[in-house]
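User: Hi! I'm new to reading protein structures. Could you walk me through this one?

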Amino acid sequence: MSQPLRVTIWNEGVHEKTHPVVQKVYPQGMGHQIKSYLDTVPGIEAIAVAQLDDPEHGLTDAVLEQTDVMTWWGHTAHDRVDDAIVEKVYQRVTQQGMGLVALHSAHYSKIFRRLMGTSCSLKWREYKGIGEKERLWLVDPAHPIADGLPEYFELERTEMYGEHFDIPQPDQQVFISWFQGGEVFRSGCCWHRGRGKVFYFRPGHETLPIYYDAHVLRVIANGIRWAAPTRIAGGIRRDNTEPLEAME
Ligand code: ZN
């Protein structure tokens, strides 16, 4: 039997300390809510919930070395994430193949922008503080991240993100969202970056109970499995190389 995928859940953890609505929706914090779901998923082992205020943001070398896939949620304190830690996460993705699942406002995190190389900015609206309906359409039903999901699902109250989303053209597009106010958004996008894979998934505004939704949680678990590192027997060499065949 193969080893479980080891997942580190990076959760900024600032709104949970400062915003009463967020405290009410996520009394244990968003990261722990995601962990409580992942703890029920066979083949996935959530090894840590790492937060901004932890030493080294919870992303010590020991934690990184054990992590196959990292999820990232940040919003209000992107600038407080240490550049040296961002660089370590970037290297772990691109050189060692760690998967990164970027959630919601992580579109503007240092690590996601570094991996994309574009501004990653977008339109947004938190309609009257209560949000609006979102319908997520599955546009690649053959994709592994689609497994077990219906052709569309809806979130009754959500923050709107709208195009244009300034990202590089995704390698694979899994979901497109429609919003009640009329906008659309590429809400589930996949990229390869070096040895690693990156999945961006849009839902997850902190004042709304998005990470209790069964479809949203299913997408996160599927995204973790898709982004998992591929093991290459003997590793990959990039250096001055002798020919494999006799040349004369
Ligand atoms: Zn938000």
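Analyst: Happy to! One term to start with: a residue counts as buried if its relative accessible area is under 20%. Also keep in mind that this is a predicted model.

User: Okay, so are Tyr 26 and Tyr 211 buried or exposed?

Analyst: Tyr 26 and Tyr 211 are both buried.

User: And how many aromatic pairs does the structure hold?

Analyst: There are 12 aromatic pairs. In one of them, the ring centres of Tyr 26 and Tyr 211 are 6.4 Å apart and the planes make an angle of 45°, so this pair is tilted. The pair joins distant parts of the chain, 185 residues apart. Tyr 26 sits in the loop between helix 2 and helix 3, while Tyr 211 is in the loop between strand 11 and helix 7.

User: What about Phe 153 and Phe 175, how are they arranged?

Analyst: Phe 153 and Phe 175 pair edge-to-face, with 6.0 Å from centre to centre and 80° between the planes. Phe 153 belongs to strand 7 and Phe 175 to strand 9, and the two are 22 residues apart. Both Phe 153 and Phe 175 are buried.

User: Which residues touch the most other members in the largest nonpolar core?

Analyst: That core has 39 residues, and the ones touching the most other members are Leu 38, Phe 175, Phe 201, Tyr 211 and Ile 224. Helix 7 gives the largest share of this core, seven residues. Another core, of 35 residues, lies apart from it and has Leu 59 and Phe 179 among its members.

User: Tyr 211 again! What does Tyr 211 touch?

Analyst: Leaving out residues up to four places away in sequence, the contacts of Tyr 211 include Tyr 26, Trp 73, His 104 and Ile 220.

User: New topic: which residues coordinate the zinc ion?

Analyst: His 104, Glu 159 and His 205 coordinate the zinc ion, at 2.0 to 2.1 Å. Along the chain, the donors follow the spacing H-x54-E-x45-H.

User: Why does the pair of His 104 and His 205 tie together parts of the chain?

Analyst: His 104 is in the loop between strand 4 and helix 6, and His 205 is in the loop between strand 11 and helix 7, so the pair ties together parts that are 101 residues apart in sequence.

User: And why is His 104 called buried?

Analyst: Because the relative accessible area of His 104 is 1%, and the cut-off for buried is under 20%. His 205 is buried too, with a relative accessible area of 3%.

User: Last one: where does Arg 114 lie?

Analyst: Arg 114 lies over the face of Tyr 90, at 3.7 Å from the ring centre.

Definitions and conventions: Residues are numbered from 1 along each chain as its sequence is written. This is a predicted model: local features need pLDDT of at least 70, side-chain atom pairs count only at pLDDT 80 or more; totals for chains, interfaces and linings use all residues. Side-chain values use heavy atoms; hydrogens and water are left out. Rings of Phe, Tyr and Trp (its six-membered ring) pair if their centres lie within 6.5 Å; planes under 30 degrees apart count as stacked, over 60 as edge-to-face and the rest as tilted. Helices (H or I, at least four residues) and strands (E, at least two) are DSSP runs, numbered from the N terminus. Buried means under 20% relative accessible area, exposed over 50%, partly exposed in between (1.4 Å probe, protein chains only). A charge sits over a ring if NZ of Lys or CZ of Arg is within 6 Å of the ring centre and within 35 degrees of the ring normal. A nonpolar core is a set of buried Ala, Val, Leu, Ile, Met, Phe, Trp, Tyr and Cys residues joined through side-chain atoms within 4.5 Å. Contact means heavy atoms within 4.5 Å. Donors are N, O and S atoms within 2.8 Å of the metal (3.2 Å for Na, K and Ca); water is not among the atoms, so sites may look incomplete.
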